[in-house]
Amino acid sequence: MSTRFNLLLLTLGLLVGHVTTAQHDGHESTESHEFEGVHELEEEAGFDPSPFIIHHVADAYDIHLWGEGESALHIPLPVILYSEEHGLDVFMSSAFHGHGEVRHTEDGRYEMAHGHISLAGSHDHNHAHEEGHDHGHSHEATLYDFSITKSVFGMLFIMALLLFLFGRAAASYRKNPGQAPTGLTNVLEPLVIFVRDDIAVPSLGEKKAQKFLPFLLTVFFFILFANLLGLIPFIGGFNITGTVGITAVMATFVFLLTTLNGNKHYWGHLFWPPGVPVFVMPIIIPIEIIGMFLKPIVLMIRLTANITAGHIIILSFVSLVLIFGESSAAAGYGVGIFSTAFMIFMYCIELLVAFLQAFIFTLLAAIYFGEATHEAHH
Amino acid sequence: MELLTILLEIGQGLAGLGAGAAAIGAGLGVGRIGGSALEAMARQPEMAGDLRTNMIIAAALVEGVALFGAIICLLVALG
């Protein structure tokens, strides 16, 4: 039995106390909370919020709608694995049988433990990622995981949605050129104009804005729609922009575009900042070079941490109900009322954050592009 | 309990305190930025648009540092 501080402390700054993690003693609780549809009660003697929250924030191989154990409703997603031993294998994640921490496929080739798939028998925990740049340091076999996980599925869904929405909007502009926008276009046009007039043009200038606008608009709408998808309850709690892999790819694109478009002026500022005394150069130059890499890294962490933190806070309010509900039903209901009120409040804030983070990512990307392409005039 | 486990427990508690400290720092920083921006906007309402953009950039930078702190605390608490 170990007492530990939990995630609540981290996110709320609230000391909920020493939550006791009791062992699994096979004592199944019969009640199944379906709070918010997507959150289930850990069926243990003592409720431990940390694994509960991590389970909901982390990427998964299926979309967990609601319920727990046998009654749980999952939407299985395709698992795509490649290993030298078994070659390419494609199957649905429902092929993993059994419940509990470690599950196997029917042919006994793969096992899933703690949300990670590995070759059965090899006891390394491959931290498998959808990008496939995974190198489990196993002594024999390496498993490459290209699975369509929850985040990848959400990402593909957002891409399809954006293609559809903007395809429709573009068609309507072609059909009625010069007319006032109608319907769907009415929603999208102000946002596009906002990105152009408030983000791209002030930081890049009229001419260069045209060059970078396609990228900025893509990033803006992808982040915005992905954030909003994550806030829809009852559909499995997508955490697309809270997945490091996805934000890392976007930040890499920003880094590449900045570096490849950097002009003489930009590199000059980086390697020999003008107007700086020579004896300060050994300090300034390394800082400038570190800063070049740090900017996209912070871009990545800001988005990931903000979106994940939002999810964690809402889940913490859910956990609060379950923690108090354990001691008595009345306490559970009492806390539940306030928790729900705070949760609705947090949802409103998260709607703002969803937009704000898309705005900040795009704005900072535009500013970095602007720095890289800025013409010397001093 | 062994000494090591006790130390680990203390470390996790300190991680929480660290997150709190990061939140205090970020709160002070963002508060100052917001306050100054409001003052400036009240003085020159015609500059409100520019000021708002710059305020958000500065707030995002401050927040980035605070999130670094939060992430490190999260790693300590979970690790």
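Colleague: How many residues does the contact take from chain A and from chain B?
Modeller: The contact takes 14 residues from chain A and 20 residues from chain B, where two residues are in contact if their C-beta atoms, placed from the backbone, lie within 7 Å. This is a predicted model, in which local features need pLDDT of at least 70 and side-chain atom pairs count only at pLDDT 80 or more, while totals for chains, interfaces and linings use all residues. Residues are numbered from 1 along each chain as its sequence is written, and chains are lettered from A and ligands numbered from 1 in the order in which they are written.

Colleague: Which elements give two or more residues to chain A's side of it?
Modeller: Those elements are α1 (7-12), α8 and α9 of chain A, and the largest share, four residues, comes from α8(A). Helices (H or I, at least four residues) and strands (E, at least two) are DSSP runs, numbered from the N terminus.

Colleague: And how do the residues on that side divide?
Modeller: They divide into eleven nonpolar, one polar and two charged; here Ala, Val, Leu, Ile, Met, Phe, Trp, Tyr, Cys and Pro count as nonpolar, Asp, Glu, Lys and Arg as charged, and the others, Gly among them, as polar.

Colleague: At what angle do α8 and α9 of chain A pack?
Modeller: Helix α8 (residues 281-327) and helix α9 (residues 329-373) of chain A pack at about 175°, with their axes 8 Å apart; axes are lines fitted to C-alpha atoms, for helices over the stretch in contact, and angles run from 0 to 180 degrees between N-to-C directions. That makes α8(A) roughly antiparallel to α9(A), a term used for angles over 145 degrees. The residues of the contact of α8(A) with α9(A) divide into 19 nonpolar, eight polar and two charged.

Colleague: Switching to sheets, what is the strand order in the one with β5?
Modeller: That open sheet of three strands has the order β6-β5-β10 in chain A, with antiparallel pairing, and two strands pair if DSSP finds at least two bridges between them. Because β6 (87-92) and β10 (143-145) of chain A stand at the edges, each with a single partner strand, one side of each is left without a neighbour in the sheet. The twist averages 25° from one strand to the next.

Colleague: How many bridges join β5 to β6?
Modeller: Six bridges join β5(A), residues 78-83, to the antiparallel β6(A), and S83(A) stands opposite G87(A) in β6(A).

Technical notes. Angles under 35 degrees count as roughly parallel, over 145 as roughly antiparallel, 65 to 115 as roughly perpendicular and the rest as oblique.
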